[in-house]
Amino acid sequence: MEQQFEGKIAIITGAASGIGYTVAHHLASRGARVIGVDLSESVVALMAELPGKGHHGIARNLTEPEAASEIVAEAIRVAGTPHILINSAGVALLDPAVDVPAARWQATIDINLSASFYMAQAAGRVMVEAGYGRIINLASQAAVIGLDQHAAYCASKAAIIGLTHVLSLEWAPRGVTVNAVSPTVVETPLGKKAWAGEKGEKAKREIPVGRFAQPEEVASLIGYLASGDAAMITGSNVLIDGGFTTV
Ligand SMILES: NC(=O)c1ccc[n+]([C@@H]2O[C@H](COP(=O)([O-])OP(=O)(O)OC[C@H]3O[C@@H](n4cnc5c(N)ncnc54)[C@H](O)[C@@H]3O)[C@@H](O)[C@H]2O)c1
């Protein structure tokens with residue numbers, strides 16, 4: 001694979017699983033140095049085993065108030081100023097709207113929205129100073145359509161799009177692009193749990209391409225948006241949904 005990310009430093013949240021791990025592997029294979037962050041301790045070993053050298057895992061709960069600034073400081077200390085941030089850490093806690101417990105609402109907003117903002121803010125500060133950056137936020141098809149039992153999830157992901165708009169316009173003049181990526185169901189631990197059984201089979205039939213997405217397909221799109229070639233794309237929400245939200 002083309003070594004397009006040689007010399008680039010990428011912070012990736014949610015790097016121990018699913019899309020985050022797959023993006024970490026994709027960017028590392030293309031020459032990037034990856035700083036992976038996850039709640040799971042396994043992130044330390046997983047980052048050490050990525051292709052190439054100098055990767056670093058940080059086991060951290062991103063909902064802690066000081067997490068974002070300390071993670072960016074650690075990334076700078078071990079590797080240098082980050083060029084790329086991928087906000088992939090997230091949860092899907094599903095409840096009928098009338099039953100959503102306050103704790104599950106808050107937990108969803110804390111990780112899916114607030115942690116993404118604080119990471120973008122902390123990384124954005126140094127990227128703006130350096131005059132270069134690529135920030136990609138995982139939103140979802142749930143950001144643009146309603147889904148049964150997804151009140152907290154849809155709200156958190158729709159807000160990611162609003163956040164992406166503001167950051168992109170504030171930071172575009174300083175060389176930092178900010179985009180969102182919105183997949184349909186992706187076959188990761190999160191996707192498989194939320195869409196198991198007949199519910200999932202029905203959803204597949206409603207997707208024009210007739211299947212769910214693979215993490216590698218999402219990583220490939222993110223790889224493009226994270227590259228120098230994507231300098232003219234900012235403030236976008238790029239759907240990767242097999243046509244689902246357009247039918
Ligand atoms: N899989 C899908 O169907 C799908 C579809 C659209 C969007 N997304 C979004 O893509 C992103 C990644 O999803 P995935 O399918 O790879 O999920 P996943 O469950 O496989 O991985 C998410 C990772 O985030 C980590 N994480 C969760 N809370 C954290 C916290 N407080 N601090 C640090 N790390 C934390 C988890 O430990 C896990 O390793 C999420 O934002 C999700 O909402 C997923």
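In strand β6, Val176, Val178, Ala180 and Ser182 point one way and Thr177, Asn179, Val181 and Pro183 the other, and all are buried. Here a residue is buried if 20 or more other C-beta atoms lie within 10 Å of its own, exposed if 12 or fewer, and partly exposed in between, with C-beta atoms placed from the backbone. The model is a predicted one, in which local features need pLDDT of at least 70, side-chain atom pairs count only at pLDDT 80 or more, and totals for chains, interfaces and linings use all residues. Residues are numbered from 1 along each chain as its sequence is written.

Because eight of the eight residues of β6 are buried, this strand is largely enclosed by the rest of the structure. Strands (E, at least two residues) and helices (H or I, at least four) are DSSP runs, numbered from the N terminus. Strand β6 (residues 176–183) runs parallel to strand β5 (residues 133–138), and six bridges join the two. In this pairing Arg134 stands opposite Thr177 of β6, while Leu138 has Val181 as its bridge partner.

Both strands belong to an open sheet of seven strands with parallel pairing, in the order β3-β2-β1-β4-β5-β6-β7. The edges are held by β3 (56–59) and β7 (237–240), each with a single partner strand, so one side of each is left without a neighbour in the sheet. From one strand to the next the twist averages 15°. Strands are taken to pair if DSSP finds at least two bridges between them. Helix α8 (residues 215–225) lies across β4 (84–87), β5, β6 and β7, and runs at about 165° to β6. Axes are lines fitted to C-alpha atoms, for helices over the stretch in contact, and angles run from 0 to 180 degrees between N-to-C directions.

Strand β1 (residues 9–13) is also mostly covered, with five of its five residues buried. Ile9, Ile11 and Thr13 point one way from β1, and Ala10 and Ile12 the other way. Five bridges join β1 to the parallel strand β2 (residues 33–38), where Val37 stands opposite Thr13.

Leaving aside neighbours within four places in sequence, Ala24 is in contact (C-beta atoms, placed from the backbone, within 7 Å) with Ile12, Ala15, Val34, Gly36, Met47 and Leu50.

Leu113 lies in helix α4 and counts as buried because it has 22 C-beta neighbours inside 10 Å. Not counting residues up to four places away in sequence, Leu113 touches Ser156, Ala159 and Ile160. Leu113 and Ile160 are 47 residues apart in sequence, yet 6.2 Å apart in space, C-alpha to C-alpha.

The ligand is surrounded by 28 residues, the closest being Gly14, Gly18, Gly90, Leu190 and Gly191. By class, the shell has 14 nonpolar, 13 polar and one charged residues. Ala, Val, Leu, Ile, Met, Phe, Trp, Tyr, Cys and Pro count as nonpolar, Asp, Glu, Lys and Arg as charged, and the others, Gly among them, as polar.

Terms used: Contact = placed C-beta atoms within 7 Å. Near = placed C-beta within 6 Å.
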